[in-house]
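Please read the numbered points with the sequence and the model at hand.

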Amino acid sequence: MARIGRLSTKGSVLLLCDIQEKFRPTIFQFTNIVSNAARLLQACRILSIPQILTEQYPKGLGPTVPELGAEGLKPHTKTSFSMLTESVESALKSLGDPQQVILCGIEAQACIACTTYDLVERGMEVHIVADAVSSRSQTDRLFALSRLKQSGAFLTTTEGVLLQLVQDAKHPNFKEIQKLLAHPSPDTGLLAFFSSL
């Protein structure tokens, strides 16, 4: 049966890619991207979905930004564009090899792309949260999202992920998730993507 991309709290993991200080002045819509990623992280904590955080060459690009709220998560440092380093592979194995990945972070055409290709090649289902992913250039961001969709990743939004994970107003954590949805996600310039389709 074809995969339709229905998210579940069982067998999912959140990957937070390189949301670091030195990117702050150069990444398109940085503040809004971090805000959406922070909501995803809070939701995954509420729903007991494991989270994995990477940092690209932190000596040069600095630490993860504090507003992400990732304290308590030990960053996996890397120099490769793919997040699937030896230590991340080991972390995934210890989580029972989850088959659904919720992916957000920086940059769409580099680390998000390379990570997605690696995951899809392994037969994993990748959900790229488009309003929590960006690049220095909006052009690179939009073309990367289009290319990743062609490669078999599912494109979604922060709110889409949160609602899919609870699926019912009777869910025991629905009220907590609903609080995260009190304000709509900020516009991160994605309408240009859909007008080009």
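This is a predicted model: local features need pLDDT of at least 70, side-chain atom pairs count only at pLDDT 80 or more; totals for chains, interfaces and linings use all residues.

1. Helix pair α1 and α6. Two packed helices are described by the angle between their axes and the distance between the axes. Helix α1 spans residues 30–46 and helix α6 spans residues 158–166; their axes come within 10 Å and cross at roughly 10°. Angles under 35 degrees count as roughly parallel, and α1 and α6 are therefore roughly parallel to each other. On the α1 side the contact is made by N36, R39, L40 and A43, and on the α6 side by T158, V161 and L162. Sorted by class, this contact of α1 with α6 has four nonpolar, two polar and one charged residues.

2. L180 is found in helix α7, which covers residues 174–180. With 12% relative accessibility, L180 counts as buried. Leaving aside neighbours within four places in sequence, L180 is in contact with R39, Q42, A43, I46 and L162. R39, A43 and L162 also take part in the contact between α1 and α6. By contrast, M83 and L180 are 97 residues apart along the chain, and their C-alpha atoms are separated by 27 Å.

3. Helix α4 and its surroundings. Which residues of helix α4 (residues 108–121) are buried? They are A108, A110, C111, I112, A113, T115, T116 and L119. These buried residues pack against the strands β1 (12–17), β2 (51–56), β3 (76–78), β4 (100–106) and β5 (125–134), and also against helix α5 (138–150). Just after α4, G123 takes a positive phi of about 85°.

4. The second largest pocket. Rolling a probe the size of a water molecule over the atoms shows where empty space is left. The second largest pocket holds about 160 Å³ of space. Its lining consists of L84, E89, S90, L92, K93, D97, P98, Q99, L119, R122 and M124. Helix α3 (residues 86–94) gives the most to this lining, with four residues. By class, the lining has five nonpolar, two polar and four charged residues. L119, one of the lining residues, is also among the buried residues of α4.

5. A91 in helix α3. The helix that gives the most to that lining also holds A91. A91 counts as buried, at 16% relative accessibility. Apart from neighbours within four places in sequence, A91 is in contact with I52 and H76. Between A91 and Q51, 40 residues apart in sequence, the C-alpha to C-alpha distance is 9.8 Å.

6. Backbone geometry to check. Most residues other than glycine have a negative phi, and most peptide bonds are trans. Where does this model depart from that pattern? The peptide bond from I106 to E107 is cis, with omega near -15°, and E107 is found in the loop between β4 and α4. D18 is not a glycine, yet has a positive phi of about 55°; D18 is found in the loop between β1 and α1. Q167, also not a glycine, has a positive phi of about 60° and lies in the loop between α6 and α7.

7. Is D18 buried or exposed? Buried means under 20% relative accessible area, and D18 has a relative accessible area of 0%, so D18 is buried. Q167 is partly exposed, with a relative accessible area of 48%.

8. K59 and P63. K59 is found in helix α2, which comprises residues 58–61. Exposed means over 50% relative accessible area, and K59 counts as exposed because its relative accessibility is 76%. K59 and T77 are 18 residues apart in sequence and 9.8 Å apart in space, C-alpha to C-alpha. P63 has its place in the loop between α2 and β3 and is partly exposed, at a relative accessible area of 49%. Not counting residues up to four places away in sequence, P63 touches I19, Q20, E21 and E55.

Conventions. Residues are numbered from 1 along each chain as its sequence is written. Side-chain values use heavy atoms; hydrogens and water are left out. Axes are lines fitted to C-alpha atoms, for helices over the stretch in contact, and angles run from 0 to 180 degrees between N-to-C directions. Helices (H or I, at least four residues) and strands (E, at least two) are DSSP runs, numbered from the N terminus. Angles under 35 degrees count as roughly parallel, over 145 as roughly antiparallel, 65 to 115 as roughly perpendicular and the rest as oblique. Contact means heavy atoms within 4.5 Å. Ala, Val, Leu, Ile, Met, Phe, Trp, Tyr, Cys and Pro count as nonpolar, Asp, Glu, Lys and Arg as charged, and the others, Gly among them, as polar. On a 1 Å grid over the protein atoms alone, a cavity is a set of points where a 1.4 Å probe fits but cannot get out, and a pocket is an open set with protein on both sides within 12 Å along at least five of seven lines; lining residues have an atom within 4 Å of a point. Grid points are joined across faces, edges and corners, and a volume is the space filled by probe spheres set on the points. Buried means under 20% relative accessible area, exposed over 50%, partly exposed in between (1.4 Å probe, protein chains only).
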